[in-house]
Amino acid sequence: MSDYDYVVVGGGSAGCVVASRLAEDPSVSVLLLEAGSASPVTAPPNAWLSLLGSESDWQDTTLPEPELGRTLPWPRGKALGGSSSINGMIFARGHRSSYDWGKGWEFDDLLPFFRRGERAPTRDPALRGVGGPLEVAPAEQGHPTAAAFVEAAAEVGYRRATDISGGLEEGVGWVDLNIVGGVRQSAADAYLGSRAGLDVVTDAVVRRVVFDGHRATGVEYTVGGQRIQAGAGEVVLCAGAVGTAHLLMLSGIGPADHLRDSDIAVVADLPGVGENLHDHPLSYVMYTSAQPIPVGSNNNVEVVGLLRSDPDLDAPDLQSCLSAPAGENLYVITFSLMTPYSRGRLRLADRGIALAPGYLTDERDLTAMVRGMGLAREIGAASALTPWRGQEAESGGEPYVRATTAPYFHYVGTCKLGVDEMSVVDRDLRVHGVDGLRIADASVIPRIPSANTYATVIAIAERAASLISGAATVE
């Protein structure tokens, strides 16, 4: 039994930020617990897909998806650095219109924390960070197929974005990457330096949050079969949209009837725990290449388009990219719905968790994805891609979209922030109904932003550390 000022559960993207920032105060003691290894499996940036299904992945699988007719692999990071150690290394804010999370949690509120986490030397310092731990920039050597995609999109009428990662633009442009000197930079690489008051324990599986009445007093975890308790003045959960909701339920916080059915004593009846689970649905149009595709040195996704499925919409709702997988004589133009209406849930099950994300269960999402496929094919047919375009694989209609839709690995929402009866945390990220417990990760996001979620999670964690240390409050 050891006592700390703070115990941070989850050494992933958010947890590395929170633990490091709290430990900047030399008078504070912090314990960071990570279930995975201290040494993630590595791969060159252009082979990052090989990390999915590795030892650094929880290797989850969904239940059969009703609209897709199949189960889906659901990778998420299990190593120091979490999903930032296995993801596609894209670092982009969503469009400012997608941060409509309530008072104190809109784009302008998050902007100082976006800037605090990043160092973007090639971008406008009035909008982007200049001194943060994460060094982000567009590809140093752009791939020729990526350049052709930008030209093709401009040819069919989409604007060229100067900083598609900044959150103020729509259009098509070169996106920022977490690749420094040809190597992935994870949140652990960027944030976890030597701090006197920070203890990092890996291979540590947290079993439950310990309560004295309705106050969190620490956690119970195991390392190598040994059961250990750590006391805390405050516990901060950073285990992600899956891990945090799972741990809350194991600790007696969640839908009361479901907890009782699982023989778990109820500490706080919060029906929103595990609800509101969602992700960006992703599909693609595939082309064979008319010429050999050179092997790129980056992540194979260097440009991003943020577009509208309907010109009458108030804001962009689709993302499109070109990806040319290393060593294959083909490329794909992806399309993903950034503003999905479909929602799913996470529940406890005999073998741990049951994941039912519910892709395309709202008809509006299917309609938008079909339109997205049309936009992808329009860009794919532009003359700028003629030197690369061989043959387009068959695609078209709702059956194709259902058959090819897959996760984009941007899981959010299971412990959403807010004030309604389905919210789990308040605007200061404190869990409703208990004391001494906060959440600071993607689970608190009520509605997913219109971008890959890594940059947003970093900003949430930066703000959480500020809230916890008392440097700020959300009034």
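Biologist: Which residue lies over the face of Trp58, and how far is that from the ring centre?

Modeller: Keep in mind that this is a predicted model, where local features need pLDDT of at least 70, side-chain atom pairs count only at pLDDT 80 or more, and totals for chains, interfaces and linings use all residues. Residues are numbered from 1 along each chain as its sequence is written, and side-chain values use heavy atoms, with hydrogens and water left out. A charge sits over a ring if NZ of Lys or CZ of Arg is within 6 Å of the ring centre and within 35 degrees of the ring normal. Over the face of Trp58 that is Lys78, at 4.5 Å.

Biologist: And which residue lies over the face of Trp105?

Modeller: Here the ring centre is 4.7 Å away. The residue over Trp105 is Arg463.

Biologist: How many aromatic pairs does a search of the whole structure find?

Modeller: Rings of Phe, Tyr and Trp (its six-membered ring) pair if their centres lie within 6.5 Å; planes under 30 degrees apart count as stacked, over 60 as edge-to-face and the rest as tilted. With that rule, the search of the whole structure gives seven.

Biologist: What is the geometry of the pair Phe91 and Tyr454?

Modeller: The centres are 5.6 Å apart and the planes make 85°. Phe91 lies in strand β5 (residues 90–91) and Tyr454 in helix α9 (residues 454–468), so this pair ties together parts 363 residues apart in sequence; helices (H or I, at least four residues) and strands (E, at least two) are DSSP runs, numbered from the N terminus. The geometry is edge-to-face.

Biologist: Is Phe91 buried or exposed?

Modeller: Buried means under 20% relative accessible area, exposed over 50%, partly exposed in between (1.4 Å probe, protein chains only). Tyr454 has 7%, so Tyr454 is buried. Phe91 has 3%, so Phe91 counts as buried.

Biologist: Where is Thr202, and which residues does Thr202 touch?

Modeller: Thr202 is in the loop between β12 (198–201) and β13 (204–212), and counts as buried because its relative accessibility is 18%. Contact means heavy atoms within 4.5 Å. Leaving out residues up to four places away in sequence, Thr202 touches Glu34, Gly36, Ser37, Ala38 and Leu80.
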